[in-house]
Amino acid sequence: MTRVAAIDCGTNSIRLLVADADSATGELVDLDRRMTIVRLGQGVDRTGRLAPDALERTFAACREYATIVKDHGAERLRFVATSASRDAENRDEFVRGVLDILGVEPEVISGDQEAEFSFTGATKELTGRDDLAKPYLVVDIGGGSTEFVVGEDRVRAARSVDIGCVRMTERHLVHDGVVSDPPTPEQIEAIRADIEAALDLAEESVPLREARTLVGLAGSVTTIAAIAQDLPEYDSEAIHHSRVSCDRVREITERLLSATHAERAAIPSMHPGRVDVIGAGALVLLSVMERIGADEVVVSEHDILDGIAWSVA
């Protein structure tokens with residue numbers, strides 16, 4: 001066993017995993033797994049820069065995570081930063097802050113690297129299951145981007161496109177700092193047009209329609225799974241490897257896009273940091289399922305964070 005720590009800093013959230021990894025058995029035993037909504041990508045699509053208050057929220061979470069990593073005695077730590085920090089002009093300020101707090105430099109990885117970590121994290125534990133046909137299509141819907149990865153036991157093709165839930169919300173639903181409540185049909189169509197264009201781009205290099213099993217990752221997908229089960233609170237164990245039909249995803253997406261902020265916030269399994277962006281995230285998932293003709297999505301709580309942990313095990 002090797003005790004490792006992995007941090008995934010995305011556009012909407014920063015997450016920590018401390019785990020014991022057994023490379024011989026392929027087992028990853030969680031010791032601490034947590035998520036904090038910091039909205040690092042606040043305004044990046046519009047300004048091209050990381051906002052000072054977004055940086056401070058992220059650094060506060062890093063200070064908390066540094067204590068947890070030290071208390072668990074992790075032998076190795078890897079910090080990976082994704083879409084928002086890739087796009088920002090002032091990402092050096094972000095890098096310096098993380099290095100000062102955690103003692104490691106954040107790796108601002110490419111979309112292709114992000115895709116490979118997501119695929120490993122989501123599929124490593126599916127090996128040997130005969131109820132899930134290959135190839136897999138792993139779809140990781142983040143805040144700034146969405147990764148598409150097709151593969152069997154290893155990645156065959158991958159592409160990252162800029163249709164994350166935060167980016168789509170800020171681009172189409174925010175006016176004068178206020179999110180439309182609920183969005184208009186015209187705004188929804190504008191989001192859908194961006195998604196369809198991005199799917200066209202993804203299909204240039206990834207054979208999306210060859211997939212036999214769709215595996216969905218990240219907060220938008222897991223929240224939809226929680227809603228589909230009418231969970232009284234967010235329950236990772238109930239969500240992990242649950243399956244949601246395309247019809248149910250469509251029903252939930254229409255409900256979220258027609259709801260007010262208060263109605264979305266009242267959903268028991270909804271994280272407060274996802275209330276404003278969940279509609280756009282749900283629309284990304286639905287569009288993917290309709291594009292490839294998927295009857296259902298297999299939902300995974302294991303994703304890029306687990307892939308990062310394996311990379312340092």
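Predicted model: local features only at pLDDT ≥ 70, side-chain atom pairs only at ≥ 80, totals over all residues.
1. Contact, as the word is used in this note, means heavy atoms within 4.5 Å.

2. Leaving aside neighbours within four places in sequence, Y65 is in contact with I7, I14, R15, L16, R34, M35, T36 and L102. With one of these residues, T36, the side chain of Y65 makes a polar contact of 3.0 Å. Another of them, I7, is 58 residues from Y65 in sequence, while the C-alpha atoms of Y65 and I7 are 8.7 Å apart in space.

3. Is N90, a loop residue, buried or exposed? This residue lies in the loop between helix 3 (83-87) and helix 4 (91-102), and N90 is buried, with a relative accessible area of 7%, because buried means under 20%. Once neighbours within four places in sequence are left aside, the contacts of N90 are with R49, L50 and L55.

4. The largest nonpolar core has 49 residues, and those with the most contacts inside this core are L137, F148 and L214. The elements that give two or more residues to the core are strands 6 (136-141), 7 (146-151), 8 (155-161) and 13 (296-300), together with helices 7 (185-203), 8 (219-228), 10 (246-258) and 12 (278-292). Of these, helix 12 supplies the largest share, ten residues. For L137, with neighbours within four places in sequence left aside, the residues in contact are F148, V149, V150, L208, A211, T213, L214, V215 and I292. A second, separate core has 24 residues, among them V18, V38, L40 and A61. As general background, nonpolar side chains in soluble globular proteins tend to be buried together.

5. How do helix 8 and helix 12 pack, and at what angle? Their axes are 9 Å apart and the angle is about 90 degrees, which means that helix 8 is roughly perpendicular to helix 12. On the helix 8 side, S220, V221, T223 and I224 meet I278, G281, A282 and L285 of helix 12. Sorted by class, this contact has five nonpolar residues, three polar residues and no charged residues.

6. L217 belongs to strand 11 (residues 213-217), and L217 counts as buried because its relative accessibility is 0%. Not counting residues up to four places away in sequence, L217 touches S118, A122, V138, V139, D140, I141, S300, H302 and D303. The C-alpha atoms of L217 and G121 are separated by 9.8 Å, although these two residues are 96 residues apart along the chain.

7. D303, one of the residues that L217 touches, also caps the N-terminal end of helix 13, where a side-chain oxygen of D303 lies 3.1 Å from the backbone nitrogen of L305. Helix 13 (residues 304-312) is mostly covered, with eight of its nine residues buried. The buried residues are I304, L305, D306, G307, I308, A309, W310 and V312. They pack against strand 1 (2-9), strand 2 (13-22), strand 3 (27-37), strand 4 (76-81), helix 5 (111-123) and strand 6.

Note on methods:
Residues numbered from 1 in each chain as written. Heavy atoms only, no water. Core = buried A, V, L, I, M, F, W, Y, C linked by side-chain atoms within 4.5 Å. Buried < 20%, exposed > 50% of the residue type's maximum accessible area, 1.4 Å probe, protein only. Helix = DSSP H or I, 4+ residues; strand = E, 2+ residues; numbered from the N terminus. Polar contact = N/O pair within 3.5 Å; in protein donor to acceptor, adjacent residues only side chain to side chain. Axes fitted to C-alpha atoms, helices over the stretch in contact; angles between N-to-C directions. Parallel < 35°, antiparallel > 145°, perpendicular 65-115°, else oblique. Nonpolar A, V, L, I, M, F, W, Y, C, P; charged D, E, K, R; others polar.
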